Every structure is written in structure tokens, then in C-alpha cells.
Amino acid sequence: MDPFNTSALKLQKNLLNLRLMRDRLRMEGKDKEADELAAPIARMETAIRQLSDSMKPVTLQ
């Protein structure tokens, strides 16, 4: 696997972990902490969506 795909997999895993943490915080009633995670998550998702198809490895949404 080339380094680009390896990095993409790690990015996707980190993004998933952040989403899970945000959701867990919401379930625990820690809305302020969850909101603090929501902004960076949204920025990462936006950046991924804006990549051209040729730059997106198959592992990214």
C-alpha cells in the first residue's frame, strides 16, 4: 500500500474516532465538549468533500 493510501486510512480512522467521541459526549450530557469537537470534525469533512475525485483514495467518503 502506498503512503498516500496509508495516510488516508489513518485520517478516516481518526475522523471516525472523533465522531464517536463527540456522540459519546452528547450521550453523557456534555454538550459543550461535544460542540467543541463538532467544529473540527465539520472542517475535516468539508475538506475531504472538496478534494477532486482523482485525489480521493477509495477509503475516504
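Is E28 buried, partly exposed or exposed? E28 is partly exposed, because its relative accessible area is 43%; here buried means under 20% relative accessible area, exposed means over 50%, and partly exposed lies in between, with a 1.4 Å probe and protein chains only.

Good morning, colleagues. What you see is a predicted model, in which local features need pLDDT of at least 70 and side-chain atom pairs count only at pLDDT 80 or more, while totals for chains, interfaces and linings use all residues. Residues are numbered from 1 along each chain as its sequence is written, and side-chain values use heavy atoms, leaving out hydrogens and water.

Let me begin with the overall fold. The protein chain has two helices and zero strands; these elements are DSSP runs, numbered from the N terminus, with helices being H or I of at least four residues and strands being E of at least two. Of the 61 residues in the protein chain, 20% are buried. The chain exposes about 4600 Å², and carbon and sulfur atoms supply 59% of that area; accessible areas come from the Shrake-Rupley method with a 1.4 Å probe, and for residues only the protein chains shown count as cover. Among contacts with a separation of 6 or more, 52% join residues 24 or more positions apart, a contact being heavy atoms within 4.5 Å.

I turn now to helix α2, which covers residues 31-50. It has 20 residues and reaches 28 Å from its first C-alpha to its last, close to the 28 Å expected at 1.5 Å a residue; the expected span is 1.5 Å times one less than the number of residues. The buried residues of α2 are A34, L37, I41 and I48.

The largest nonpolar core has six residues, namely L15, L25, A34, L37, I41 and I48. The elements giving two or more residues to this core are α1, residues 3-27, and α2. Helix α2 provides the largest share, four residues. By nonpolar core I mean a set of buried Ala, Val, Leu, Ile, Met, Phe, Trp, Tyr and Cys residues joined through side-chain atoms within 4.5 Å.

I48 counts as buried because its relative accessibility is 6%, and its C-alpha atom is separated by 9.8 Å from that of Q12, 36 residues apart along the chain. A34, leaving aside neighbours within four places in sequence, is in contact with R22, L25 and R26.

Finally, the charged side chains. The structure holds six salt bridges, each a side-chain nitrogen of Lys or Arg within 4 Å of a carboxyl oxygen of Asp or Glu. In one of them, R22 pairs with D23, the closest N and O atoms being 3.1 Å apart; D23 is partly exposed at 36%. Another joins R26 and D31 at 3.6 Å, N to O.

E28 forms a salt bridge with R24, with the closest N and O atoms 3.6 Å apart, and R24 counts as partly exposed at 41% relative accessibility. R24, E28 and K30 are linked in a network of salt bridges. Thank you for your attention.
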